[in-house]
Structures are given as C-alpha cells and as structure tokens.
Amino acid sequence: MTEPLLLLRPHEKDLGGGFKVRRLLPAAKRRSVGPFVFFDHFGPATEEPGSEHDVRPHPHIGLATVTYLFEGAMTHRDSLGVVQEIRPGAINWMTAGRGIVHSERKPEHLLDASYVNHGLQLWAALPQAHEEVEPSFSHTAAEQIPALEVQGVAVRVLVGEAFGVRSPVKTFSKTLYLDLPLPAGARFELPALAQEMAVYAVDGEIQLDGEPVAQHTMAMLPEGEGGIFETRDAVRIVVIGGEPLDGPRFITWNFVSSRRERVLEAGADWSAQRMGHVPGETEFIPLPGHPFQVQTPADTGTTPV
C-alpha cells in the first residue's frame with residue numbers, strides 16, 4: 001500500500017441510558033462504499049425494564065435498510081403489515097423503493113427483561129433503475145447465512161459472494177457484507193472481493209497492511225485491492241463493499257434518491273401522511289426542517305431516525 005489509509009472515525013451520539021450510536025457513513029471524506037451510503041453501529045447497551053429506545057414509525061424511499069444484530073432483539077413492523085423479530089446473526093433487508101414506513105421496538109416478551117442490544121444498521125442505495133420498485137421485506141435467519149472457516153477465521157458471508165459461497169440475500173447490485181471474528185494473533189489475507197471495500201473494527205484495534213485501525217474506525221481499502229489484517233487480541237471486524245453507485249445521491253433525513261425533486265416529493269407525502277401507516281401504531285414524527293432542506297450530493301450531514 002503506497003498511500004496512507006483513509007480512516008473514518010465515528011460521530012457518536014448517546015440516546016440516553018448509555019445507548020450509544022456511532023455513525024461512520026456518510027462522512028466528509030467518504031460518502032459511500034459500494035452501494036452503502038449509511039453505516040450506524042449501536043451498543044452494546046443494556047436494555048432494562050422501562051428503558052425506551054424504540055424507533056417510532058418513520059418513512060424511507062430509494063434505499064434498502066440492512067439490520068444485523070450481534071446481541072439482543074428487536075421487533076420490526078412496517079406498512080406492508082410485516083411483523084418480524086430480529087435476532088442475532090440474521091440479515092433483515094427492507095427494500096423501501098417507492099416508499100415504506102416502519103418501526104423498530106423492544107419485543108413484547110422482553111419488556112420486563114434485562115438484555116444487551118448490539119448491532120449494525122446500514123443503508124444500501126438502490127440503483128437508479130430500481131429506486132421506485134415496490135417495497136418489500138426479507139428476513140434471512142442466522143442458520144441460512146453461509147459460514148465457513150478461512151485461514152483459521154470463522155467467516156460469515158452476510159450478503160454477496162466470497163470464498164466460493166453466496167449469501168441467499170437478494171440485492172439489486174453487487175454487494176459485499178462479511179462478519180469476521182478474528183482470533184488473537186490472527187493474520188488474515190482478504191482478497192479483492194469487490195471494486196470498493198472498507199473494513200470496520202467493531203470491538204478492538206487491528207492492523208491493516210501494517211497500519212493501525214482503532215476500535216470503532218472504518219478504513220477504506222484502495223480501489224480494487226484487498227488487504228492483510230493482523231490482530232494482537234481477538235477482534236471482530238466487518239467488511240462492506242460492492243460496485244460503485246451509478247451516480248450521486250441526495251440523502252436527506254430518511255430519504256435517498258438520485259433526484260432532488262423526488263426527495264422533496266417524499267417530504268411532502270410524509271407530511272400529508274400519504275406514505276402509509278404501520279398497522280396498530282399511531283405515532284407520527286414530523287418532517288424535520290422549516291422549510292425541508294434537501295442536501296446536495298456533496299453534503300455530508302443527515303439526520304435519519
């Protein structure tokens with residue numbers, strides 16, 4: 001590697017009670033990695049009886065949410081009528097397309113329990129040809145995710161294809177998402193599995209091609225290249241990537257689109273409550289901003305739920 005690593009450090013927010021969310025994408029130095037335009041790491045945080053970290057009903061367009069838990073549980077509900085408990089190791093892929101509304105709440109059977117919630121939520125921007133597809137939700141259970149040992153590491157291929165196996169999760173463009181719990185003293189050589197790739201250090205420091213990558217830091221690999229990971233202690237990492245986006249995206253609140261006017265339209269539809277409702281839920285989050293401001297593809301701030 002001839003150039004210094006591009007390192008992305010998180011913007012961290014405490015939602016109360018020690019429940020922290022770290023945002024890595026979008027960032028000033030990097031807007032996307034493959035199709036991924038958003039990367040949040042939440043927890044680990046202990047949920048206690050009476051704690052309130054539910055995500056109320058909110059809308060999306062032009063993207064797919066990808067939820068993955070290391071620990072804990074949450075209940076997904078959406079305007080299609082889907083109710084799905086999300087458990088560790090499963091991949092939950094919600095295609096927003098032309099528009100969907102969903103919530104994420106504490107499961108009813110855990111209301112009086114103490115447990116740890118810890119996981120990742122990513123957004124994959126849909127290719128322009130599929131931005132307005134019909135919304136859908138797909139749950140792939142943990143036991144359906146391909147797992148294999150590679151160079152002494154128990155690799156899980158969450159999305160995409162790697163090391164001769166393919167995830168059953170269906171995508172709209174070439175997408176890569178791997179979970180690699182590296183043991184102490186590991187040396188793992190990652191081949192160039194996608195044109196764009198990045199690695200995120202979930203719970204400890206790693207070395208990437210001899211350079212340190214701190215905990216809660218994302219490192220971009222050079223385009224079209226892999227890298228060598230080394231550890232002193234056991235560290236979990238995830239690798240994300242895929243083919244580059246087919247053009248810039250406007251990202252404002254929970255909306256992603258290649259067209260500015262489409263984001264404005266979605267904002268008006270949400271304000272008028274024309275985007276649907278989650279059955280049995282009545283809460284409504286007003287559209288932020290007065291007036292609603294659409295960020296240009298060069299902007300980096302976003303305030304998604």
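**Reading the labels: burial, ring pairs and strands**

Me: Why is Phe255 called buried?
Reply: In this predicted model, Phe255 has a relative accessibility of 0%, and because the label applies under 20%, Phe255 counts as buried.

Me: What makes Arg105 buried or exposed?
Reply: The relative accessible area of Arg105 is 16%, and since the limit for the label is under 20%, Arg105 is classed as buried. Arg105 lies in strand β10 (residues 100–105), and residues it touches, leaving aside those up to four places away in sequence, include Asp54, Arg56, Met74, Glu281 and Glu283.

Me: How do you know that the side chains of Arg105 and Glu283 make a polar contact?
Reply: The distance given for the contact between the two side chains is 2.4 Å, and a pair of N or O atoms, one able to donate a hydrogen and the other to accept it, has to lie within 3.5 Å, so the contact between Arg105 and Glu283 qualifies as polar.

Me: How many aromatic pairs does a search of the whole structure find, and what makes the pair of Phe163 and Phe188 edge-to-face?
Reply: The search of the whole structure gives 10 aromatic pairs.

Me: Why do Phe163 and Phe188 carry the labels they do for accessibility?
Reply: Phe163, at 24% relative accessibility, is partly exposed, because that label covers the range between 20% and 50%, whereas Phe188, with a relative accessible area of 0%, is buried.

Me: How do you know that Trp253 and Phe255 form an edge-to-face pair?
Reply: Their ring centres lie 5.6 Å apart and their planes are at 85°, and as the angle for edge-to-face has to be over 60 degrees, the pair of Trp253 and Phe255 takes that name. Trp253 is itself buried, its relative accessible area being 4%.

Me: What makes Pro191 partly exposed?
Reply: Its relative accessibility is 34%, which falls between the 20% limit for buried and the 50% limit for exposed, so Pro191 is partly exposed. Pro191 lies in the loop between β18 and β19 (196–201) and, not counting residues up to four places away in sequence, touches Phe163, Met197 and Gly226.

Me: Why is strand β4 (residues 36–47) described as largely enclosed by the rest of the structure?
Reply: Of the 12 residues of β4, 10 are buried, so the strand is largely enclosed.

Me: How do you know that β4 pairs with β3 (residues 20–25) and with β11 (residues 115–125)?
Reply: Pairing takes at least two bridges; four bridges join β3 to β4 in the antiparallel sense, and nine join β4 to β11, also antiparallel, so both cases pass the test. Arg22 has His41 in β4 as its bridge partner, while Glu47 stands opposite Tyr115 in β11.

Me: What makes β18 and β21 (211–213) edge strands?
Reply: The open sheet of four strands has the order β18-β23-β20-β21, with antiparallel pairing, and β18 and β21 each pair on one side only.

Terms used
Residues are numbered from 1 along each chain as its sequence is written. This is a predicted model: local features need pLDDT of at least 70, side-chain atom pairs count only at pLDDT 80 or more; totals for chains, interfaces and linings use all residues. Side-chain values use heavy atoms; hydrogens and water are left out. Rings of Phe, Tyr and Trp (its six-membered ring) pair if their centres lie within 6.5 Å; planes under 30 degrees apart count as stacked, over 60 as edge-to-face and the rest as tilted. Buried means under 20% relative accessible area, exposed over 50%, partly exposed in between (1.4 Å probe, protein chains only). Helices (H or I, at least four residues) and strands (E, at least two) are DSSP runs, numbered from the N terminus. Contact means heavy atoms within 4.5 Å.
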